[in-house]
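Please look first at the chain as a whole, and then follow its parts one after another. The paragraphs below are meant to be read with the structure in view.

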Amino acid sequence: MSVQAMSWAMDEAPTMDKSERIVLMYMADTADKYGCNSFQSASTIAKRSRYGVSTIRAAIGRLKRKGLIREGDQRRLAWMPNGQRPVVYDLALDVTWDTVEAQESTTVETKPEKTDTPPVSGGDSEQAVAVARETTPPESGPLQKPDPSRKPTLTPPETGPKPNKNRYITPPPTEVSPSPGETHPKTTPKRHELPPDWTPSPEARQLARKLDVNLTRAEANFRLWALENHRRLRDWDARFLRWLNGDAKPATSQPTQSEPAKPTPTPARHTSGTHRHTPGCQHVTTLIRPVEHLFSTDRIQGRFGSSQLSQARQYLADQLNEGLEPQEALAVLLGRRAPDELEQIA
């Protein structure tokens with residue numbers, strides 16, 4: 001770090017912008033005592049100063065235009081690979097507030113003076129000057145005084161409608177009065193909510209009698225539907241006719257004593273007198289329950305095989321379906337077991 005460069009960046013650099021002064025200070029941090037060979041990149045300065053990269057790059061551009069920094073000898077970073085070399089800058093330590101003020105004080109901007117009397121070529125007689133003043137048109141400007149001898153030229157007013165300056169604004173529609181014998185077209189009625197005093201029309205009552213619909217219940221459901229859904233319609237009578245035709249449910253008639261209600265038919269599988277025993281039916285389960293602990297529940301042939309208990313259930317179901325009595329079928333099943341197990345059961 002160079003003390004001279006840092007002191008110049010903090011106190012003597014002629015800039016009032018904060019981002020520019022921050023850039024100068026970080027550049028002076030890596031410059032030598034002459035303010036040269038500073039190689040801080042914009043991303044590095046942005047990361048250290050907590051500014052945005054775009055802000056730092058804009059500040060570097062302004063500093064270059066002001067002459068406070070300039071590109072230095074880029075060969076100083078020849079040891080770095082291409083594409084990763086930052087730009088080497090030199091700080092203009094000779095540019096300070098004193099030099100800028102001295103330069104501004106010596107620079108004086110001169111403005112050409114205007115003369116009210118135009119020059120006249122030839123003789124300088126009063127007659128020539130008067131003729132020049134009469135033939136020369138007056139200059140327009142805030143200091144020009146009106147000539148009372150001149151009469152203003154009146155421009156006749158333009159005829160016809162004035163053009164619309166803003167073509168994107170549509171003019172309001174004009175009302176056209178109807179000619180004799182013509183009438184205005186009918187306006188579409190506005191949508192409104194169901195009135196509290198609304199009642200079904202005579203056509204709706206006649207349709208309800210024709211369809212055998214409970215009119216009171218249909219009217220109550222119709223009012224509830226309109227209130228819950230916040231409906232706004234133009235013609236509520238027409239909508240109620242549609243409600244009676246499709247939406248309303250006909251009133252269910254109560255069965256009378258003369259017409260008893262028909263019973264529900266029983267499925268055919270429940271009406272057959274024969275029962276087919278299965279391994280999981282109630283008869284087999286009740287019959288094998290006292291001795292089911294004698295049979296293993298482990299599968300015999302691995303995962304997809306059956307256990308001894310499943311085979312015993314299937315055997316009992318087959319014997320019962322062949323017509324054997326339950327105790328006879330159980331005795332036949334136990335007779336297939338080992339003698340020592342039969343003694344334990346006895």
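Predicted model: local features only at pLDDT ≥ 70, side-chain atom pairs only at ≥ 80, totals over all residues.

Residues are numbered from 1 along each chain as its sequence is written, and side-chain values use heavy atoms, with hydrogens and water left out.

The protein has 14 helices and two strands, where helices (H or I, at least four residues) and strands (E, at least two) are DSSP runs numbered from the N terminus. Of its 346 residues, 25% are buried, a word that stands for under 20% relative accessible area, with exposed meaning over 50% and partly exposed in between (1.4 Å probe, protein chains only). The protein exposes about 28,000 Å², and carbon and sulfur atoms supply 53% of that area, as computed by the Shrake-Rupley method with a 1.4 Å probe. Among contacts (heavy atoms within 4.5 Å) between residues at least 6 apart in sequence, 55% join residues at least 24 apart.

In soluble globular proteins, nonpolar side chains tend to be buried together. A nonpolar core is here a set of buried Ala, Val, Leu, Ile, Met, Phe, Trp, Tyr and Cys residues joined through side-chain atoms within 4.5 Å. The largest such core has 22 residues, and those with the most contacts inside it are Val23, Leu24, Met27, Ile60, Ile69 and Leu91. At least two residues of this core come from each of helix 1 (3–12), helix 2 (18–30), helix 3 (42–49), helix 4 (53–66) and strand 2 (89–91), and helix 2 gives the most, with five residues. Valine 88 counts as buried because its relative accessible area is 1%. Threonine 96, found in the loop between strand 2 and helix 5 (97–106), is likewise buried, at 12% relative accessibility, and touches Trp8, Glu12 and Pro14, again not counting residues up to four places away in sequence.

Most residues other than glycine have a negative phi. Asparagine 37, in the loop between helix 2 and helix 3, has a positive phi of about 60° although it is not a glycine, and it is buried, with a relative accessible area of 18%. Histidine 230, in the loop between helix 8 and helix 9 (236–247), also has a positive phi, near 55°, but this residue is exposed, with a relative accessible area of 65%.

Histidine 230 belongs to the lining of the second largest pocket, together with Glu193, Leu194, Pro195, Pro196, Arg223, Ala226, Leu227, Arg231 and Trp236. Helix 8 (residues 215–228) supplies the largest share of that lining, three residues.

Conventions. 1 Å grid on protein atoms, 1.4 Å probe; cavity = no way out; pocket = protein on both sides within 12 Å on 5 of 7 lines; lining within 4 Å.
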